[in-house]
Amino acid sequence: MSTSNRQTISYLNRRFRQVGLEPNKRHGQNFLIDLNLVRMIADTGDIQPCDAILEIGTGTGSLTAMMAEKAGFIVTVEIDEHLHQLAKEELEPFRNVWMLRQDALKNKNNLSPTVLAPIREWVQGAPGRGFKLVANLPYNVATPIISNLLMLEDPPTLISVTIQKELGERMMAVPSTKDYSALSVWVQALCDVSIVRVLPPTVFWPAPKVDSAIMRIQPIPEKRAAIANLAFFHTFTRSLFFHRRKFLRSVIISAFKEKLNKPQVDAVLAELPFYHSNSRAEELSVAQIQELSERFRLAVKQ
Ligand code: SAM
């Protein structure tokens, strides 16, 4: 059966009933039923033969099959045994698709190493290869997946994903808005990010309660090179926004209480032209937070 017939409401309904399945909310099982939009996710990924694609959430395999015609290699991961079996039928003909039946995350903060290992092996097999994340992501794990991939030494060259619109807006948020968060700073410090298309609930089965968005998240090597210690910057940013309404000085004093005394914190802050006694993290630009992080990294010698 062609991909277009396999991703309609009636097909999904019938197939799920045949195998006694109900879409599982906990696993974010909302399937895209508009093939043009499935294609738009793949097109945003600009998939080339030198690309390995990581797809998290195989579902019934319709996006996977579309991408397999263009990509050099695909690793597609599905947590649900029944869906994994269903997708096997669809993906059988493709020699370049590696299917994994597992949780893509090892724990809340780390991707499973078995997901990345086959990607790395393929990428290292010839010069000029890279990897991209292209997926209709399960919403409950979208943030850890994207944050973790950006933390890697060898991050993806591009991320083209469907996520909750609200999460996409948080990634793009500017200072002094309610959406501006550690995630905004983290993503914008490393990538160019844009919303390609907003998707209403009606293009999914079953329909979720909220809007979604196809996002293009482009990691920029120069941005990454400007951050001396990614892990430090990540932890520092998260601690700044943990108490976002508190004054910056007291947040920093408490974050570094084991390592710096108050006069030492004040000495670092005094050197920063944008700092004033009423400063709060949520008002600082991404560049200012980077500078702040770097000054404190040097002060604690990490
Ligand atoms: N790619 C399909 C599509 O576009 O219609 C399905 C996308 S659906 C939004 C997300 C899929 O991710 C579901 O099939 C779900 O079972 C799977 N999933 C949820 N959590 C997962 C996890 N932690 N690891 C791997 N797959 C997961």
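User: Contact means heavy atoms within 4.5 Å. Which residues does Leu150 touch, not counting residues up to four places away in sequence?

Analyst: First, some ground rules: this is a predicted model, where local features need pLDDT of at least 70, side-chain atom pairs count only at pLDDT 80 or more, and totals for chains, interfaces and linings use all residues. Residues are numbered from 1 along each chain as its sequence is written, and side-chain values use heavy atoms, leaving out hydrogens and water. With neighbours up to four places away set aside, the residues that Leu150 touches are Ile159, Trp186, Val187, Leu190, Cys191, Pro219, Arg224 and Leu230.

User: Is Leu150 buried or exposed?

Analyst: Helices (H or I, at least four residues) and strands (E, at least two) are DSSP runs, numbered from the N terminus. Buried means under 20% relative accessible area, exposed over 50%, and partly exposed in between, using a 1.4 Å probe and protein chains only. Because its relative accessibility is 2%, Leu150 counts as buried.

User: How many disulfides does the structure hold?

Analyst: A disulfide is a pair of cysteine sulfur atoms within 2.5 Å. Cys191 has its closest cysteine sulfur in Cys50, but the two are 19 Å apart, so they are too far for a bond. The number of disulfides in the structure is zero.

User: Which residues does Asp46 touch, not counting residues up to four places away in sequence?

Analyst: Look in the loop between α3 (35–44) and β2 (51–56), where Asp46 lies. Asp46 is partly exposed, with 43% relative accessibility. Although Asp46 and Lys132 are 86 residues apart in sequence, their C-alpha atoms are 9.5 Å apart in space. Leaving out residues up to four places away, Asp46 touches Asp51 and Lys132.

User: What distance separates the centres of domain 1 and domain 2?

Analyst: The protein is divided into domain 1 (3–225) and domain 2 (230–301), with bounds that come from an automatic or database domain assignment. The contact between them takes 15 residues from domain 1 and 16 residues from domain 2. Taken over C-alpha atoms, the separation of the centres of domain 1 and domain 2 is 34 Å.
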